[in-house]
Amino acid sequence: TLRTNYNIRPGQPFEQQPIDCQMPRDITTEWTVSGESAIRKETVTHTYYPDGNLQSKARADGVVEHLTWYPAQGERSPDGSELCPANPEGFVSQLKEKTITPAKSSQGGAPTLSTRYTYTALPALEGSDMPEWIVPVTETMVHLDADGNGNELELQRTRKEYFHALEEPFSHGRTRRQTQTL
């Protein structure tokens, strides 16, 4: 049996529902063996930011995923370099970081991993009447608190480069090169 619960306020009209009312709050899967009373049950729980983006997902095995998003106005690093341009349509839609925390275990040793993303904007084709669009540039996976002193260890970095060829509509925006460093 699969049961999905939503963040719905019974008796309230749609306009007064929370922004995440159509997103699953928790999903429970139950298994039973015919003729036996034993039940196996697993629940996955989701939380959302006020804008409706996923904030966390607690899996049935105890692993927790936590996500943060770039603001609609974009973000720059302390040195001034662009981490994510402003969203041309005003949405919060670019993932900034995804952290995966392992389930608690008596054996320990499973790392907490975080993947961080940066983006750039590519211009739209001339005459398209579309805004620029945002594409991923880097994806960096780190082991958090790798040495027990709060330091990180970079495990993998992927960098993408794109064709900037407005005069060639079938090439513009396609991935030109992807470099992965381990």
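This is a predicted model: local features need pLDDT of at least 70, side-chain atom pairs count only at pLDDT 80 or more; totals for chains, interfaces and linings use all residues.
I began with Pro 88, which sits in the loop between β7 and β8 (95–101). Strands here are DSSP runs (E, at least two residues), as helices are (H or I, at least four), numbered from the N terminus. Residues are numbered from 1 along each chain as its sequence is written, and side-chain values use heavy atoms, with hydrogens and water left out.

The cut-offs are under 20% relative accessible area for buried, over 50% for exposed and partly exposed in between, with a 1.4 Å probe and protein chains only. I then looked up its contacts (heavy atoms within 4.5 Å). Setting aside neighbours within four places in sequence, Pro 88 is in contact with Pro 131, Glu 132 and Ile 134. Pro 136 is 48 residues away along the chain from Pro 88, and their C-alpha atoms are separated by 15 Å.

Next, the core. Which residues make up the largest nonpolar core? I get eight: Leu 67, Tyr 70, Leu 83, Cys 84, Leu 95, Tyr 117, Tyr 119 and Ile 134. β7 (82–84) and β9 (112–122) are the elements that give two or more residues to this core. A nonpolar core here means buried Ala, Val, Leu, Ile, Met, Phe, Trp, Tyr and Cys residues joined through side-chain atoms within 4.5 Å. I noted the contacts of Tyr 117 too: not counting residues up to four places away in sequence, Tyr 117 touches Tyr 70, Leu 95, Lys 96, Glu 97, Lys 98, Thr 138 and Glu 139.

I searched for aromatic pairs and found one in the whole structure. Tyr 70 and Tyr 119 form it, edge-to-face, at 5.9 Å centre to centre with 90° between the planes. Tyr 70 is in the loop between β5 (64–69) and β6 (75–76) and Tyr 119 is in strand β9, so the pair ties together parts 49 residues apart in sequence. For the pairing rule, rings of Phe, Tyr and Trp (its six-membered ring) need centres within 6.5 Å; planes under 30 degrees apart are stacked, over 60 edge-to-face and the rest tilted. Tyr 70 is buried at 3% relative accessible area, and Tyr 119 is buried at 10%.

Then the largest pocket, with about 210 Å³ of space in it. What lies nearest its centre? Of its 14 lining residues, Tyr 70, Leu 83, Arg 116, Tyr 117 and Thr 118 do. β8, β9, β10 (133–144) and β11 (153–162) each supply at least two lining residues.

Two more stops. Asp 129 is in the loop between β9 and β10; its phi is near 60°, a positive value in a residue other than glycine. Asp 129 is exposed, with a relative accessible area of 77%.

Last, Thr 181 in strand β12 (residues 175–181). Thr 181 is partly exposed at 46% relative accessible area. Neighbours within four places aside, Thr 181 is in contact with Leu 155, Gln 156 and Arg 157.

How values were computed:
On a 1 Å grid over the protein atoms alone, a cavity is a set of points where a 1.4 Å probe fits but cannot get out, and a pocket is an open set with protein on both sides within 12 Å along at least five of seven lines; lining residues have an atom within 4 Å of a point. Grid points are joined across faces, edges and corners, and a volume is the space filled by probe spheres set on the points.
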